[in-house]
Amino acid sequence: MEALKLGSKPLHAFLELSSLPLSYLLLPFPCALPSVSSHTSMALAGAANGTFRLRLITASADTSDTHTRRRHWKAGEFPFSTTSPSSGTQRRKPRTTERPPPTPPSKGKVEPEERGRQRHWKAGEFPAAAESQSQSGRRGRARTPIKNVKKRLDARADSKAWACTVTEALSDRIDAKNWQEALQVFEMLKEQPFYYPKEGTYMKLLLLLGRSGQPSLARQLFTEMQQQGCQATPELYTALIGAYCRSGLLDEAFQLLDDMKASPLCQPDVYTYSILIKAFVDAPRFDLVDAMFKEMAERSVVPNTVTQNIVLSGYCRAGRLDDMEKLLSTMLDSATSKPDVWTMNIILSLFGNSGQVGLMEKWYEKFRGYGIEPETRTLNILIGAYGKKRMYDKMSAVMEYMRRLAFPWTTATYNNVIEAFAEAGDAKNMEDIFNQMRSEGMKPDTKTFCCLINGFSNAGLFHKVAGMVKLAERLDVPANTSFHNAILAACAKADDLMEMERVFRHMKHMQCAPDATTYSILVEAYRKEGMTDKMYALQQENPSLVSTELVMV
């Protein structure tokens, strides 16, 4: 114990057990040493056997807390030597880098600097993959890397001719019904020496100009086509005749028909006569319709179902029920113009819109007996007819029938139900149907908001009318003449003439042409307030739509 003291201050003794067997650590002592610490007694016990080496390390008393603190060193961070004094061998350092990729057998010896550089190869890109596959013969020919295929396709797409891009732009303008930009792109294409317009391009442009109400430009394009050496066909002539018929220029359409008769390769067919008959039905000029049928019989042109349906629709609108039944009997006996679902819809719409529900149901059963099955539009006609007569039980039965037979509820279906509640002034059920329509993902159209505005106006909820107008603007619903007429009628019913006049000015500012219904609403509102001067001002503004009799009443 005296040997464990140095100087006047006592020192702590620490023993390092380098090779002490476990049996000596478990050896019991017969007695305890009161004046010796546990470390010292263990060292003395082991010294008798000479099984371990005593090493004395001194430390000051105020740093004793460092013995209880331990630090877990990470691999490669221990600051002292890693060699064992007993063995004298150096420990193996842990590997801190990844193993380099295996050397390709066909490349020969790899330089040391190349072995140090590593590259993470993607799937299918390892340079030895193709050789190993060919040697093993398991997968056959190596696949081309996907990224190289994509680069090749992108390069091929970038190398396309400029003409393809412009022709696609022309097709997009035609699909968007933008005839001004379509003509500009077409003129740009014609200036290119490598572009030669074909018949299909002229056909699309003629149809677009006819639907846009530009018959003069359509005629100019047709003449230019003939000057370019493109041969006129019956289809091109028919498209030009349709452009004139849509604008009500029947004399010019007749002149083109005579030109077709004079051309041996452009004789009129059933489609040409169908377009002319539709124009005469819309006029209405049924005398010319009979003349067309007579000419078709002389030229051995047999009318089809579409032609007969056009005439049948005209008879229904004109109220010529006897001619309608006669024509329908002719269709039933014919082999080329049998009635179809469109014929069924025309007849049902006639009686449904006039409120003759009994006749509508009778004809519905007749067509079912002919073997004609209804479609979604047919059932929508029934729903609209029952809704106008406030036969809600039958309307609900038809809707359940549609669900049971997997007929989809379309926007027209919801519009018919909303219109039925709107005319009755039932704002609650109308709004519930509208919310259900939106919850099912159906997009409302202009007619939907017209019915909603009329319904809230009939119920006296004029504050909700303004909300519907704002919602229509937020949903980008087209504001046509019918939409503005519904707002004007709501303002007139609320006796808000200032707002009515503001809507009318906005209507003209948006280049939305007023119709006879528009002026009728304005005149009735001014007559109710006794504003005869404004009534005469409307008559002077548009004498064709505001008659003198309407003002004088």
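Modeller: A note before we start: pLDDT is the predictor's confidence in each residue, from 0 to 100. This is a predicted model, where local features need pLDDT of at least 70, side-chain atom pairs count only at pLDDT 80 or more, and totals for chains, interfaces and linings use all residues. Residues are numbered from 1 along each chain as its sequence is written, and side-chain values use heavy atoms, with hydrogens and water left out.

Biologist: Where is confidence lowest and where is it highest?

Modeller: Strand S1 (residues 5-6) is lowest, at a mean of 41, and helix H22 (residues 446-458) is highest, at 95. Helices (H or I, at least four residues) and strands (E, at least two) are DSSP runs, numbered from the N terminus.

Biologist: And what is the mean pLDDT of the protein?

Modeller: The mean is 79, and 70% of the residues reach 70 or more.

Biologist: New topic, H14. How many residues does it have?

Modeller: H14 covers residues 305-318, which is 14 residues.

Biologist: How many of them are buried?

Modeller: 11 of the 14 are buried (under 20% relative accessible area, with exposed over 50% and partly exposed in between; 1.4 Å probe, protein chains only). H14 is therefore largely enclosed by the rest of the structure. Among the buried residues are Ile310, Val311, Leu312 and Tyr315.

Biologist: What do the buried residues pack against?

Modeller: Helices H12 (270-282), H13 (286-298), H15 (321-333) and H16 (341-353).

Biologist: What happens at the start of H14?

Modeller: A side-chain oxygen of Asn304 comes to within 3.3 Å of the backbone nitrogen of Val306.

Biologist: And just after H14?

Modeller: Gly319 has a positive phi of about 75°.

Note on methods
The expected span of a helix is 1.5 Å times one less than its number of residues. Contact means heavy atoms within 4.5 Å. A polar contact is a pair of N or O atoms within 3.5 Å; within protein, one must be able to donate a hydrogen and the other to accept it, and residues adjacent in sequence count only if both atoms are side-chain atoms.
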